[in-house]
Amino acid sequence: MNLHALRLFYTVAEKRSVTRAAEELNISQPAVTAQIKRLEQEIDLTLISPKGRGIFLTPAGEQLAKHAKRLFSLECEIESSIQQYRDGTAGKLRIVATYLPANFLLPKWIGLYKQQYPEVEVELTTTNSSKAIDHLINYQAEIALIGGRREFHSLITSNELFEDQMLFIVHKNHKFAGKKVALSEIVREPFVFREEGSSSREKLFSLCKIHNVNKPIIGLQINGLNETIRTVIAGYGVTFVSSLEVNEHLAQEQVAIVYVEEVNLKNPISLCTREKDELTNIALNFIDSIETEVPPTKR
C-alpha cells in the first residue's frame with residue numbers, strides 16, 4: 001500500500017474536505033484527489049464520495065481511516081521515542097561497577113540522574129573489576145565505575161575521577177585509636193580481612209612487602225565489607241578500608257583512624273568506557289552528572 005497516498009486520504013478523512021486537506025498539506029487539490037484515486041484503484045475499494053462542498057467516507061473509507069489513525073499515531077510515537085533517545089531523555093543505560101562505587105557512590109548519582117531523566121531505565125550490575133571490564137568489552141554495559149586499579153585493557157578508555165584515602169580503622173577505644181604508629185607495630189595487631197582477592201587486602205600485603213615488614217596477622221576473615229566493619233565496631237581487631245566505606249561510622253564515632261607512619265595509600269575510582277566507541281547521549285548525560293558530583297578537591 002502506498003503510505004503517502006494513505007496519509008493524504010487520512011488527512012482528507014479527518015478534515016472531511018479535500019480543499020482543507022490540500023491547504024494543510026501545502027499541495028494542490030487536484031494532486032490530493034489524484035493520489036486518493038490511485039489508492040482506491042490499488043485496493044479496489046471506493047473510499048470517499050462528494051457531499052456538497054465536502055466529502056463523506058464510505059464504510060470502507062471509515063474502516064481504513066480508523067486503521068490509518070492508529071498507524072500514524074504509532075508513527076508519531078516512534079518519532080518521539082527516537083528523538084528522546086537522540087536527546088538522551090529516554091532509553092536504557094547499563095552500568096557495571098565494582099563494590100565500592102556501586103555501594104557508596106552510584107546510589108546517590110543514579111538517584112539524582114533519574115530525577116532529571118525519569119524516562120531512562122538504569123540497570124546496575126555489581127561485580128569485581130575483571131568481570132566489569134569484560135562486561136564493557138562485550139557490550140553488556142556502556143559505562144563502568146571501577147575502584148582500586150589504574151591499569152586497564154587496551155580496549156578500555158579510563159578517566160580517574162578521584163582518589164579515595166585508604167585507612168587503618170580500629171574501635172574507638174583501641175590503644176592505637178587516633179595515634180600515630182609504625183607499620184611494623186600495626187601489623188602485629190589481629191586484622192579483620194575481607195576474603196582473598198579483595199583489593200584492600202592485596203594493597204596492604206603489597207605495602208608490607210615494599211616496607212619490608214611482616215604481613216599482618218589474619219585474626220578473622222569475613223566475606224563482606226559490612227560484616228568486617230561491624231566486627232571492628234564490636235571491638236575486635238584492625239581493618240584496612242577505603243575512607244568512603246567508613247566515613248559514616250567515623251562521623252558517628254563508632255570507629256577511629258590509626259595514622260600509620262610513611263603510609264599514604266590512595267584508592268583510585270575510575271570511569272571507563274570502550275576505546276573509540278561513540279557514546280549515546282544517554283551515557284553522556286550520565287557522565288556529565290557524575291562530573292558535577294565529584295568533589296572539586298578530589299578531581
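I began with the lining of the second largest pocket, whose residues divide into 6 nonpolar, 4 polar and 3 charged. Here Ala, Val, Leu, Ile, Met, Phe, Trp, Tyr, Cys and Pro count as nonpolar, Asp, Glu, Lys and Arg as charged, and the others, Gly among them, as polar.

The model is predicted: local features need pLDDT of at least 70, side-chain atom pairs count only at pLDDT 80 or more, and totals for chains, interfaces and linings use all residues. Residues are numbered from 1 along each chain as its sequence is written, and side-chain values use heavy atoms, without hydrogens and water.

I looked up the volume next: about 160 Å³ lies in this second largest pocket. A pocket is an open set of points on a 1 Å grid over the protein atoms alone, where a 1.4 Å probe fits, with protein on both sides within 12 Å along at least five of seven lines; lining residues have an atom within 4 Å of a point. Of the 13 lining residues, I noted F104, N226, E245, E248 and H249 as the closest to the centre. α5 (99-104), α10 (225-233) and α11 (243-251) each give two or more residues; helices are DSSP runs (H or I, at least four residues). The largest share, 6 residues, comes from α11.

G235 follows α10 and has a positive phi near 115 degrees.

Last, I checked H171, in strand β6 (residues 156-171; a DSSP run of E, at least two). H171 counts as buried because its relative accessibility is 17%. Leaving out residues up to four places away in sequence, H171 touches A177, V232, I233, A234, G235, Q254 and A256 (heavy atoms within 4.5 Å).

Definitions and conventions. Grid points are joined across faces, edges and corners, and a volume is the space filled by probe spheres set on the points. Buried means under 20% relative accessible area, exposed over 50%, partly exposed in between (1.4 Å probe, protein chains only).
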